[in-house]
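Student: I am new to this structure and would like to understand the terms used to describe it. May I put some questions to you?

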Amino acid sequence: MVLDKINHTNDIKKLNKAQLGQLAEEIRQFLIQSLSNTGGHLASNLGVVELTIALHLAFQLPKDQIVWDVGHQSYTHKILTGRKDGFSALREYGGMSGFPKTKESDCDCFNTGHSSTSISAGLGLAAARDLAGGHHKVVSVIGDGALTGGMAFEAMNNASKLDTNFIIVLNDNNMSISRNVGGMSQYLGSIRTANAYQDLKNGVMESLNRIPVYGERLVSRIRRTKSGIKQLLIPGMLFEDMGILYLGPVDGHDVQRMVTMFLKASRVNGPVLVHVITQKGKGYEPAVRHPERFHGTEPFEIETGLAKKKKNKAGYTDIFSTVMRKLGDRDEKVVAITAAMESGVGLKRFHNMFPNRFFDVGIAEGHAVTFAAGLAAGGQKPVVAVYSSFLQRAYDQILHDVCLQDLPVVFAIDRAGIVGSDGETHQGIFDISYLMTIPNMTLMAPKNKWELSDMIKFAVDYGHPIAVRYPRGEAYDGLQEFRAPMETGRGEVIYEEGDVVLLAYGSMVKTAVEVRCQLQQLGVGCALVNLRFAKPLDYALLAQVAEKYKLVITMEENVKIGGVGEAISEYMNEIGAKVPVVPVAIGDEYVPHGNVELLKQKVGLDAQNIVQKALDVVRTKGFGQI
């Protein structure tokens, strides 16, 4: 096998041209086989095999630097830099990351995980190179989906001032996660007409029509080939107008053509964009047919593409999807907004049922939020469905455009808490803290699937900014007998007994049930409160808790700093409560990739760790039966 010859960086340069095609095929088969066991980002990686090979042939790593936008498509890059053996533990705790990591290899020059960042980072690396008197090449690879993000345009505007080499590779596969939308997608998908082209065309046509006999024939032939003239005159004009030399488009599965183009680009004294056309999922038919499903996949059967582990219970995203469809039926003012995540956040059914009330704004979270603010100001009821870690990108818009005006925008925050395999850049462990700081914002989190449904319905009619956070994965279906009506800032008492009370928020209610059970078995009576609201807190209930119990344990799937536990502790201090408050939350750290349950154990959010914390205080204070 040719792949066996790739064990170190630049081993690819030892291969002859005939071996490169075989290498591409072997890499695809390796990725399909490997990810069928581990899961991971398949479709995007299958699409950039030849592109990555060409980059490694044209440039000298690690001296030359490649920045991968998002970075989920860097698997072939990892193989070509000697990390093939790491795929057996891909995205497992302590194993190889699914994204570029500088600590893994000196060929990973910049950590990535969110989109639209690579041009900014690459431009910074190029400027640093110039300041240090270096001459190596810097290449930023960005997808057409990521190019819908405003940060990419800000960077290109800045790059136009550069008078030294900087290469942008545009990987155009007409997909981000969901199919691309908007003007940039249309621009890249077809040749756009422009004033210069129209003026030239009209002038040519008028001149030719004046030619006796042959003029009309020439005009007719030109009209039949007008798409060819457009291709000759117009491609890349947007980038050229920004001061960036445009090269392409080039077939992203033709290694030699791309190598030639990259070498040509490397001789340009200034910014240059190479437009590469690829097919997402290439080489594996299920991924070609369903690129969204194979963007990030669980382990699957190669023959069919179906998941190995069948889904038994509805997930929180499924519940959200159902309630949104029902709300769309009941209220024509309900509108839904996504940032290129239609399937991921569960809005496909809403889109199908109410296409005029569904908006996919592309990978542009900041725009999504202010767009929602405009909809709300216009009398609509917008629901912005977004992953927790991606909502971070719109903090200013939430604060300035939504909350400052007290506009009724609903934030449906999916993947809140520890999400697992995608690691630090995707863990949704900061949203409570950054939203708690904003006046006029209300924060909710459901204990189970029924409460999520009730909260979304409540939020849509709330009339003020409100966020509902819920985790990834199967929805908890316990405690279904507890379904108190929703009331702003009111918690829900589940069990009242003993000396210890667990104040659990959202996903941690399920864990609190386990903690309570274990404590009872050890002779420690334990109460349980479902907080429901992180902001406003149920201060009346907290005052009662301070009088009634000897130990308060707060539980949240978020960082401790700025979280629910800190807010409760502060309130207890304000009222002079003597009861000790033990906050259970994530420390001042980033959480790496790995299995969710294992990660919870590592950061102290599992039942056993919480029980031990409770027992330590109980023994110290001398109450209970132990």
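**Terms and the values behind them**

Student: Why is Ile119 called buried?

Tutor: The model is a predicted one. In it, Ile119 has a relative accessible area of 0%. Buried means under 20%, and Ile119 is therefore called buried. Ile119 is found in helix H5, residues 118-131.

Student: What is Ile119 in contact with, leaving aside its neighbours within four places in sequence?

Tutor: Ile119 is in contact with Ser140, Ile142, Leu147, Ala152, Ala155, Met156, Phe166 and Ile168. Contact here requires heavy atoms within 4.5 Å.

Student: Where is Asp64, and what does it touch beyond four places in sequence?

Tutor: Asp64 sits in the loop between helix H3 (49-58) and strand S1 (65-68). Its contacts there, not counting residues up to four places away, are Phe59, His136 and Lys137.

Student: What makes a set of residues a nonpolar core, and how many residues has the largest?

Tutor: The residues must be buried, of nonpolar kinds such as Val, Leu, Ile and Phe, and joined through side-chain atoms within 4.5 Å. The largest nonpolar core has 120 residues, and Phe320, Phe411, Ile553 and Met555 have the most contacts inside it. Helix H25 (residues 607-621) gives the most to this core, with 7 residues. Apart from this core lies another, of 53 residues, including Ile32 and Met258.

Student: Which residues is Ile553 in contact with, its neighbours within four places in sequence left aside?

Tutor: Ile553 is in contact with Val500, Val501, Leu502, Leu503, Val582, Val584, Ile610 and Ala614.

Student: How do you know that strands S13 and S14 pair?

Tutor: Two strands pair if there are at least two bridges between them. Strand S13 (residues 500-504) and strand S14 (residues 526-530) have 5 bridges, so they count as paired, in the parallel sense. Val501 has Ala527 in S14 as its bridge partner.

Student: Why are S12 and S17 called edge strands?

Tutor: The open sheet has 5 strands in the order S12-S14-S13-S16-S17, with mixed pairing. Strand S12 (492-495) and strand S17 (581-586) each pair on one side only, and are therefore its edge strands.

Methods
Residues numbered from 1 in each chain as written. Predicted model: local features only at pLDDT ≥ 70, side-chain atom pairs only at ≥ 80, totals over all residues. Heavy atoms only, no water. Helix = DSSP H or I, 4+ residues; strand = E, 2+ residues; numbered from the N terminus. Buried < 20%, exposed > 50% of the residue type's maximum accessible area, 1.4 Å probe, protein only.
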